[in-house]
Amino acid sequence: THTDRMQSLVEDLLLLSQLERGDEVGGQHPVAVAELISEIQRQTARIPGAADRIMSLELDPHLYILGSLYTLHSAFSNLINNAIKYTEPRDVIEVSWYQDEQGAHFAVKDHGIGIAEQHLGRLTERFYRVDSGRDRSAGGTGLGLAIVKHALSLHNANLHIESELGQGSLFHCDFPKSKIVEEEQGHLSRLAR
């Protein structure tokens, strides 16, 4: 367990260091985000207790963005994994990917323990923990939301967090319209992988 935790910490620190330098990890290509999220959902089966949570997906399969597949995978999986860790068995986690006049949006809403208002502004800081005991028992490195913030920044996107103690949390990633690409381009990119 300690070895796995150290390995996760080193991997997260290396990725965060790359993101903070502005390195494009994997380059920018059209990404089929709905497929990416579905793949992340399959991968969550390895998280302890994941099978006891209900994940509701509302994904636009025709909405593609220009981005780094690796970096987006890291950002989106961090948000989904956090929702699993901080919700109770049989709780619903709502994951959505959609488009409106402002751009493309990825959102994760849970009905878990929630976060007190005084912590919201600091959640994306390195190693910031709302409840250090709970995070350690859940296996977190304290870098996940910092990674999300910097990964989104490389895509000219923003992270918005809404939460209330006992009422759950909403993590919203907003991508500008300039990042949206035609579905056909995304399809060709996906086949070329």
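Which helix lies across S1 and S3? Helix H2 (residues 33-43) does, running at about 55 degrees to S1. Helices (H or I, at least four residues) and strands (E, at least two) are DSSP runs, numbered from the N terminus. Axes are lines fitted to C-alpha atoms, for helices over the stretch in contact, and angles run from 0 to 180 degrees between N-to-C directions.

1. Basis. This is a predicted model, in which local features need pLDDT of at least 70, side-chain atom pairs count only at pLDDT 80 or more, and totals for chains, interfaces and linings use all residues. Residues are numbered from 1 along each chain as its sequence is written, and side-chain values use heavy atoms, with hydrogens and water left out.

2. The sheet. Three strands form an open sheet in the order S1-S3-S8, with antiparallel pairing. Strand S1 (29-32) and strand S8 (180-181) are the edge strands, each pairing on one side only. Two strands pair if DSSP finds at least two bridges between them.

3. Bridges. Four bridges link S1 with strand S3 (residues 64-67) in the antiparallel sense. His 29 has Gly 67 as its bridge partner in S3, and Ala 32 has Tyr 64. S3 and S8 also run antiparallel and are joined by two bridges. On that side, Ile 65 stands opposite Ile 180 in S8.

4. H2 against H3. The axes of H2 and helix H3 (residues 69-85) are 10 Å apart, and the two pack at an angle of about 50 degrees. The crossing of H2 past H3 is right-handed, that is, the near helix is turned clockwise from the far one by less than a right angle.

5. The helix contact. From H2, Val 33, Leu 36, Ile 37, Ile 40 and Gln 43 meet Leu 69, Leu 72, His 73, Phe 76, Ser 77 and Ile 80 of H3, contact meaning heavy atoms within 4.5 Å. Eight of the contact residues are nonpolar, three are polar and none is charged. Here Ala, Val, Leu, Ile, Met, Phe, Trp, Tyr, Cys and Pro count as nonpolar, Asp, Glu, Lys and Arg as charged, and the others, Gly among them, as polar.

6. H6. In helix H6 (residues 144-154), the buried residues are Gly 144, Leu 145, Ala 146, Ile 147, Val 148, Ala 151 and Leu 152. Buried means under 20% relative accessible area (1.4 Å probe, protein chains only).

How values were computed. Buried < 20%, exposed > 50% of the residue type's maximum accessible area, 1.4 Å probe, protein only.
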